Structures are given as structure tokens and as C-alpha cells.
Amino acid sequence: MADAKAGAGNAIVGMGRGSYAMLLVFFLGPAVVIYTVFSIYPLLATIFNSLYLRQPDGAYIFNGLGNFQTLLTDTTWSAPFWNAFRNNCYFFLIHMLVQNPIGLALAAMLSLPRLRFRATYRTLIFMPTMLSVVIIGFTWQLILSPLWGISKMFLNAFGLGFLFAPWLGQESTALITVSLISVWQFVGIPMILIYTALLAIPEELIDAATVDGLNQFQAFIWVKLPLIFPTIGLVSVLTFVNNFNAFDLIYAMKGALAGPNFSADIMGTLFYRTFFGNQLQLGDLSMGSTIATMMFLIILIGIMCYLFLIQRRMQRYSF
Amino acid sequence: MSEVKIEKLCKSYGPVEVLKDIDLTVEDGSFVVLVGPSGCGKSTLLRSIAGLEPVNSGNMTIGGKQVNDLPPAQREIAMVFQSYALYPHMDVYNNMAFGLKFAKTPKAEIDARVNEAARILQLEPLLKRRPRELSGGQRQRVAIGRAIVRKPQVFLFDEPLSNLDAALRINTRVEIAKLHKMLKATIMYVTHDQVEAMTLADKIVVMNNGRVEQAGRPLELYYKPNNLFVAGFIGSPAMNFLPAQVKKGGTLALSDGQELKATLPSSCKTGDSVTLGFRPEHMTLGGTGNFALTGTVDIIERLGESGFAHVRLPSGQTIIAEVRGDPRTSSGQSAKLTFNAENLHIFNAEGRRLG
Ligand SMILES: Nc1ncnc2c1ncn2[C@@H]1O[C@H](COP(=O)(O)OP(=O)(O)OP(=O)(O)O)[C@@H](O)[C@H]1O
Ligand SMILES: [Mg+2]
């Protein structure tokens, strides 16, 4: 190993400037090109666009941070924006409070030593994650339909029919319902990530805890859980980024208007309507970009908080 | 009193019998070492005693109390694992205190016990460190400390030194021996290392295939192995074995026709097939002894103060003999190996010791 490294080092030292540059281009080039074209350029272009204002004649003039001011203070813009932001926060919170704890619990159960049919459970729970959002959305719409949905009949069969409501159609429940469907679909991801982390914990450690007087559950809480905090942190960040970028499930189930009365509207759908236009609303490149930039900033701030406040204090353990 | 008594212990994983009818007594305050080839069930036996593995049948008592159905924490045992199994997220102090805290031991008592263990093991300056900031030897000591603070009736060690380098292993071995003396503890200890077994043990238990082949004082096993397995397992290099036939007049005929005269145990009958065993260190190249074998030297491994001569007999079997110093004999030369009658082991056709 050391020799190979030293050898490579010598080869680079012995190289002419030109061929060293060639080497750089060869190894870094593809990544740089792909990132630039598909990530950096669109991001910069978006930020750039958000600084311009569309005139009634279709021309764009530089407007500084004016668009942001409009978005945050002018009620025609700020009301939907804050509504979408609030809904998005709920969407995220429901995932954090429901999806991740359930994922953790499932992972803990999957790693029980005496569990049978482990692989079957794992596959079944992970299955919805692999299905298209469109299929999931459509299926659940059918299931929950007040007209012919099986959920109503199912509840009726147990004499619980009075519990049924058109959950997707009520302002008060639409967002929660869509969120829970998303939770159901993606709970496999935290489960698999946490399960993998649990597998890496050596069994002797749990044996030691058993000798110290802990039962399986206590060993999980006091020994395993602290050791998988880094993974739980990672899962939380992934959830945050995915939720604030979410769009597809809401669009598939509730359309771009995310109704009823925008009660399920999140940043993604708001951006979509603004940027591409919808029904009577005309597409607005600059306001759309402004919303996209805000989404970028929100996620950026969230990740910075995580990196500086949480991850620094966290230790990764090698066994 | 913390005697460990195991009677008729059986354990299987599904159809695989791992422990078969184990009977074993570990006297109060004694140091018992379990040895045996890999996979013979040493760890399983230790884990069964600890309560980490359920057993199928049999009886286990620790300090006169039957523990079969007690959970590990109530068996008054402490276990030191091969990988140390320290809690990575706790400092040394908490690693040792964790079990006590769980047992709701008063804080002052915990403090006293941990500090006492830290003093014995010279861990005092390290109490605030995490396991990953410790060397292998220090981790080992923390693991032992975690066992000590429990004040157990019995210490169970599963290959505790196998992750240490050679020098540290010798050091720690001595430390463990001292610790045993000081704590007057009852210890069961699994190892692969013969030297560890011979030096530490009051009693060695040789296991093979889930059974106890022989249990006894180290030198007893060395000088009077009960059977071929123990004879071959204890000692390094292993004992030489040659098949022979008992002839009229009490001589032993080897398969290549060489004959040895010996005073045979009374249970030997003329015509019996037996196996002769003699240790490399009891044979000399040249020299005088009441027995002699001749063959050709294949190779001599020279280790400095001594060496091992591999000598091929006319029958094709190879015998290893220890040679002192730097013999002038070299490969290809013929050699005469001699040894004394009292060092000869005779085993019957079933592999059991005669006499
Ligand atoms: N969980 C298990 N399921 C099935 N068989 C097992 C299990 N654990 C151990 N065994 C078997 O039990 C036998 C004894 O294992 P054990 O770990 O006690 O051996 P050991 O003497 O400690 O070996 P080593 O010296 O290599 O540590 C082995 O043949 C092993 O294959
Ligand atoms: Mg073992």
C-alpha cells in the first residue's frame, strides 16, 4: 500500500506540467462537467433570474432583492408563500414524528435475534418505496374514495363506519392524509438505514449489556440507540431535504392546486404554479425563481444548523 | 463459597449437539482453563454458564445456588469478552459503573468500587477517556475492571488475550495471575495458547467435540494424559505416536520390525495392538537411553538454544525429536534417537491410556 502510494507520488513528481494537467482533466473533468451543467449552472441561473422583474411587455429588468420583498410582504404573494411554508413544516414534522420513529422501531424489531421471516418483512416494508409515486397516489386515492373506496367498507365491516371521513377532501385533513401516505411509502428508507447501522453493532456488546443486567429493550435504549445517533442524524437530514423539495406525491394526488383551498399546498407545488403557470395564472420566470431560491435558502439554513450545531457534537463509533 | 458445579450439561443448536454431557467442577478460588481445538464448544460452555445461551438439559450451580433459570445478571458472574465489548459511548468510569448503576447500587458504593478497581488495574489516569482513546492493553484492563466491580462469584474469560501482541500478552498473563492471587477469585478461562494454559491453570480442562476429554492439574495432563487426544493436544510440538504390537515376552514390535523392550502394564496382553507415545523433548539424538530408534534425518529446524529434528523411520513415519544446542547432524544422515522407558506412553486400540 505505502509503496503503491509512494510510487504514484513519484510518478506525479516525475511528470511534466502538461501531462499532470491532462491527468487532472481526465479524472476530474467528467464530474466537473456534469455538476456544472446539471447543478451549478441551474442554481446560479435561478438565483440570477430571481433578481429580475418581468414587465407587462414581457421584458425583464433588474430588480435587486425586490422580488424577495414582494414575496415576503405583498399579501398576494406572501399569503400563499407562508401558507406553503407552514404546510411544508407540518409535512416535515409529520415525517419526523411518525416516519422516523416507526422506521426506528421496525429496524429494532428486524434486528431481534429470534425473528423469523426477517427477509420477507424487510422486502415487504421496503416495497412501496420502489413503486412510482403516481401509482401510490392513485392507489390511495381509490382506497380512500368516499364513493367506492375500500377503507369505508373496511371500517363498516368492523362497525366503525362513523369514523370514516373524506380525508383527502377536507381542508382540515388533506395535508395530514397525504403526509401519512408519504410516510407509508418511504418508511422503508429510515428502516433500512437504521437497520444497517444496528447490524454493525457487535453482538458481544449486547452480551456485555445482558451480563450487566439489561434486557433486550433496555440494551436497545442504553447501548444501541446512542451508537446509532449518527445514522438517525443522517436520516433526519435526508428527511428534511426530501420534504422541503417534495412535490410529486402532492401533485399526483391533489394536482397543482393542492386543494381543497390550498390546504395541502407546499413549496414545491407553489413553485410549480408560479414558474410554469396554471389555469388562469401565467408562468412567471422571475417570481418562480424567487420561490426556488427561497427553497434553496431554507434547505441551506437547515443543513447548516445540522452541520454546525448537531453533527459536530456527534461521535461516530467504529467497533 | 463460589464453587461452580456442572452436571450432565447438554446443549444443541437445532440438530447439532455442541455440548454433550459435560460434567465439571470448578473449586472455590481455583483457576480453571478450558482448552481444545476450534469449534469444540469452549465458548458455548462459558456462555451457557453465563446464561447467555439457553441449555437443553443438565444442572449448573454457582456457589451452591442453582442458576439454570436465572438471567445472567443474577448469576453473580462476570464475563470478559475477546473483543472486550466496551461501550464505545461511555468513558472508562461509566463502562465500569454501568452495570452497578443498573443494579441501583448507591452512588458512593459505585464510586468506591470503581476507584478500587481502577487502582488495582492502574486505570486511575484514564477514567475520563473513551475506549477508542485507549490502547489494546488498556481496553483489556478496563474490561477486567468492569468484571471486578461486579464482585462476582466467578470470572469468565473468553480468550481475553488473543487480540494483544506477543509481548503485551505475556505481561497481561502475569497480571491476570497476580490478580487471581490477590482477589482469590474463581476463574474460568478459555484460551488457545498452551503456555497460557499451563502457566495460569490450577486445573486444565481439555475439550474435544463437545465433550470433556480430561480435566486435571497441568502437569498431570502432561505426564499422564488419559487418551490419545489429550496426549496429542497438550505439548508443543505434539507427542509422537507410533503403532506397535505386543509380542511374547513383553517386547513391543514397531511396524518396520524394530523392537523395544519395556516393562508393560499388566493390562497389556500379547497380540494387542497399541499406540506408543513419546514427547519430542524426551528424546535425544545419539545419547543413551534404554530405548532407541533409528532413521534418517529429514530436516532440522534450528531455533537457537534448541531445535527440532524430523527423523524418518524405515516405515515412513516421521518422528520429531528436540535437540539441544547446535547438533552437527544434517539432513540425509542416519540418526539414532534414544529415550527413557519412564517417558513412554502406551495407549490401547481405543486410544485409552494403559498403566
Ligand atoms: N449460533 C450458532 N448456531 C449454530 N451453531 C453454532 C452457533 N454458535 C456456535 N455454533 C457451533 O457450536 C460449536 C462450538 O462453538 P464454540 O464457539 O463454542 O467453539 P469454540 O470452542 O469457542 O471455538 P473457538 O476456539 O474457535 O472460539 C461450533 O461447531 C459452532 O459451529
Ligand atoms: Mg470461542
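Predicted model: local features only at pLDDT ≥ 70, side-chain atom pairs only at ≥ 80, totals over all residues.
1. Start with the empty space. Rolling a probe the size of a water molecule over the atoms shows where such space is left. Here the largest pocket has a volume of about 840 Å³. Its lining is made up of 31 residues, and those closest to the centre are Pro113(A), Arg114(A), Asp207(A), Gln216(A) and Leu52(B).

2. Which helices of chain A each supply at least two residues of this lining? They are H9 (188–199), H10 (203–211) and H11 (216–227). The top contributor is H10(A), with 4 residues.

3. Sorted by class, the lining of the largest pocket holds 16 nonpolar residues, 9 charged ones and 6 polar ones.

4. Now turn to ligand 1. The residues around ligand 1 include Tyr13(B), Val18(B), Glu159(B) and His192(B), along with Ser38(B), Gly39(B), Cys40(B), Gly41(B), Lys42(B), Ser43(B) and Thr44(B). Helix H1 of chain B, residues 42–50, gives the most to this shell, with 3 residues.

5. The shell around ligand 1 has 6 polar, 3 nonpolar and 2 charged residues.

6. In the side chain of Thr44(B), an N or O atom is 2.4 Å from an oxygen atom of ligand 1. For Gly41(B), a backbone N or O atom lies 3.0 Å from a ligand 1 oxygen. Tyr13(B) places a polar side-chain atom 3.5 Å from a nitrogen atom of ligand 1.

7. How much of the accessible area of ligand 1 does the protein cover? On its own the ligand has 630 Å², of which the protein covers 58%.

Methods:
Residues numbered from 1 in each chain as written. Chains lettered and ligands numbered in written order. Heavy atoms only, no water. 1 Å grid on protein atoms, 1.4 Å probe; cavity = no way out; pocket = protein on both sides within 12 Å on 5 of 7 lines; lining within 4 Å. Points joined across faces, edges and corners; volume = space filled by probe spheres on them. Nonpolar A, V, L, I, M, F, W, Y, C, P; charged D, E, K, R; others polar. Near = heavy atom within 4 Å. Polar contact = N/O pair within 3.5 Å; in protein donor to acceptor, adjacent residues only side chain to side chain. Areas by Shrake-Rupley, 256 points an atom, 1.4 Å probe, with all protein chains shown as cover.
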